[in-house]
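User: Hi! Could you walk me through how to read a structure like this?

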Amino acid sequence: MPIDAPASPASSRRQRLLAPLRRLIASWWFRQSPSRQDRLATLGPLISVLLFLAAIISAFWYLRNEEIERETESVKRDTEIAQQQIRLRLIENQEQLVRIAREVVTRQIDAHEFAAQAQAFARERPELTHVAWLSARRERRSSVGAAGFRDDGPMLADGSDPSLPLPNQSNAAAIAFEAARERRQPVYSPPFTDADGITVFQLHIPLIDRGGFAGVLIAEYTVEALLRYYVPSEVATRHSIAVLDAPRDEVVASTVTPMPGQVQRRAALVHDVPLAPALNGLVLRGQGWRTSIGLIGNALFWLVLALAGLTVWMLLGSWRHMRRRTQIQNALTLETNFRRAMENSMLTGMRAMDLDKRITYVNPAFCAMTGFTENDLVGRTPPYPFWPNDRPEDNARALQQELQGKSPSGGVEVKIQRKDGSLFDARVYVSPLVDTKGKQTGWMTSMTNITEAKRVRDQLSASHERFTTVLEGLDAAVSVLSVNPPELLFANRSYRLWFGADPAGHALLAGGQLTGTTSRRGALDDGADEVDDYSGLPAEALTDMGSDPREVYVESLAMWFDVRARYLQWTDGRLAQMLIATDITMRRHAEAQAALQAEKAQVTSRLMTMGEMASSVAHELNQPLTAITNYCNGMVSRVRADSIDKDALMAALVKTAKQAERAGQIIHRIRAFVKRSEPQRQPAHAADIVEDAVELAGIELRRRNVAIHTYVAQRLPQLMVDPILIEQVLMNLLKNAAEAIDNASLPTSRRHIELRVVPKHSAELGGQIEFSVTDMGPGLPDEVLARMYEAFFSTKADGLGIGLGLCRSIVESHQGRIKAENLYNGPLVVGCRFAFTIPVTMTSEHLRADAAGSAQRTESTTP
């Protein structure tokens, strides 16, 4: 029996290293789904073909690049060989010329001998055009031409030869001459065109005699001859060698002559080296052309590419076919799972019956509703287990009507009995069950539990009945009118009692407009983008808007109504307007009586104020009356004594008239203050109101020896108020302040009142004018501050308690506010401040005027 040879240690080690990788790959493969494994198995051949195609293309590309690299190395090698040959020739010539120059400097040869040596030197070197000897002053000592050139060298008769280094010129020969003289070394000139149109360059060998410059030896080379004689023939056969003028990038000479009129295209392979040892801007360029066929022209490459493309196309077709079949299979699986999940998750019970009324299918919802399992129901025929025991005939008859198509389209309400014996209400729908061929195979029944829905519906009906009963019992008229067309949708008992069933009553309460007031329509202009079909009105914005209370007087009923309107979406989707009109006739009558009583209270308060000030007024009137009596008695006495002239008499009469006018003004102000009149708002100036109030209050202040200081800001806006009522408020506050100071028996330093009128502005209240009365009295206790506006509350023994309450009513009737506060110096009360505001239209000019401190001040002190 043969025995297997043991595996080598290297093979065993490799297997141990690859075992984890194989397990990892196997584990990953078995974790994939079957469809994914099929897809990966299909992609394997496609990937291998693509890799094969990539390998073929890479091989072609590598071989082509290797051939190009060989050709490039060949061009480089031939160019360097040509450079080396020319370099050796130029160095050899330079050494020979240096030897001749040494003999010239040591005077071993003269001009004649130099010409003989130069002739022999040039005859063996066809690249030279001539050899010349020039002195330090650029004078020709000797010149020899090469075979085929002129004998006299570069010296033309007119001296215009570019090969001659003439002074004060900057041609190539002169540049090389100057460089040789400065460096004392051989110098090559830049290339230039000589008198015959041939591109040449010169070698200048300096002649150094005893450390001084004695001239140069010039050897002139033709570039074309250097290429023709010193580029090896095998090099010229393989590649094109050319000499370029590097600064101008222009070909000077080449081993290949192009056709006349044709531009030679640039070679694919180029290698440039300098023309050594000249290094004068000339470059030796080797040029070569690729002989290999590119990938585009390679027939084998295209054949391989076509076969690979065909294979890829076939694999892609197979992959698409398998993918389509996989997609169809997955879609079928998903559809089946979706239908099963939908049937299992829906709350509607589904039941299928065949033509023999046998149950063939029930979903979980049906089982959950009835409490029976699928095994309990599938295969059963009537009577079914879920039919109530007390009505099998009714259920059988209802089932027969359903199968005959006589049941209503909205379904049939039936009673269903659960497995535990409890009953619930259900709505059943029956429809034919048709297969894919259009043939009926049975019946499909859907069942919904409507027990909760019926309970909610009954509750809604009861709630609607209660709501209607409440609306009918309201004393307010409630009506709902559709906007388009105007139709009375609802009216409660009060509306019908007052207006009947006529929608005109709704329009009358709405102010004659069924779509809202003008102010509301203007407020909704900004929302004109959201407009529905209800008469062009923005329904959503209207329904979101709150109520807009307004008072309407219905002349036909002689009644006042407080009307609140809002828009709403009616049950059928129409836009409608709802009005709630409350009878406020009695309230309006009460308000009128209250206003009348308030007016009487105002007059009474003014009369009481003047009554309290009667002694002060009498004293105030007594002064001008006494003065009038004295003036009259004096004039009578002086007239009787005949001791008065006309001028003195006129002066006394004028003073008497002034005192009488003063008494008349006092009586006029008092009469205007206490005269009963209807409240009348009119434009008024704060300064005039303050002046009249201070004049009247000054009588009382002087009697009580209290000084008053007033501050009225200039350029205040006009007030739209009743001046007498505002004057009454100021009078009351000033009188109260004077009484507080006098009753407290304060010293003279604290017996003064400050009245200020200034503009104010706040974000909450807007523009206002503030009137403030500040005294230095004892202040008010906290309990008085809390109750001082109550009716009939007073701190005076003989007070009626209507003064401050009346002041508050007057200020609030002008949409203003009044407040009182004590002034403190630490814990001590040092005074009291009453202030009230009247709203006005304020501008920035008014505020700037007050901030600048421009004001009107008036001070008076009672003696």
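User: Is Cys 832 buried or exposed?

Analyst: Quick background: this is a predicted model, where local features need pLDDT of at least 70, side-chain atom pairs count only at pLDDT 80 or more, and totals for chains, interfaces and linings use all residues. Residues are numbered from 1 along each chain as its sequence is written, and side-chain values use heavy atoms, leaving out hydrogens and water. Buried means under 20% relative accessible area, exposed over 50%, partly exposed in between (1.4 Å probe, protein chains only). Cys 832 has 3% relative accessibility, so it counts as buried. Cys 807, at 2%, is buried too.

User: How many disulfides does the structure hold?

Analyst: A disulfide is a pair of cysteine sulfur atoms within 2.5 Å. Here there are zero.

User: In what order do the five strands of the open sheet run?

Analyst: Strands are DSSP runs (E, at least two residues), numbered from the N terminus, and two of them pair if DSSP finds at least two bridges between them. The order is β12-β11-β15-β14-β13, with antiparallel pairing.

User: How many bridges join β11 to β12?

Analyst: Three, and these strands run antiparallel. Take Ala 352: its bridge partner in β12 is Tyr 361.

User: Where is Gln 569?

Analyst: Look in strand β19, residues 559-569. Gln 569 is partly exposed, because its relative accessibility is 41%.

Methods: Helices (H or I, at least four residues) and strands (E, at least two) are DSSP runs, numbered from the N terminus.
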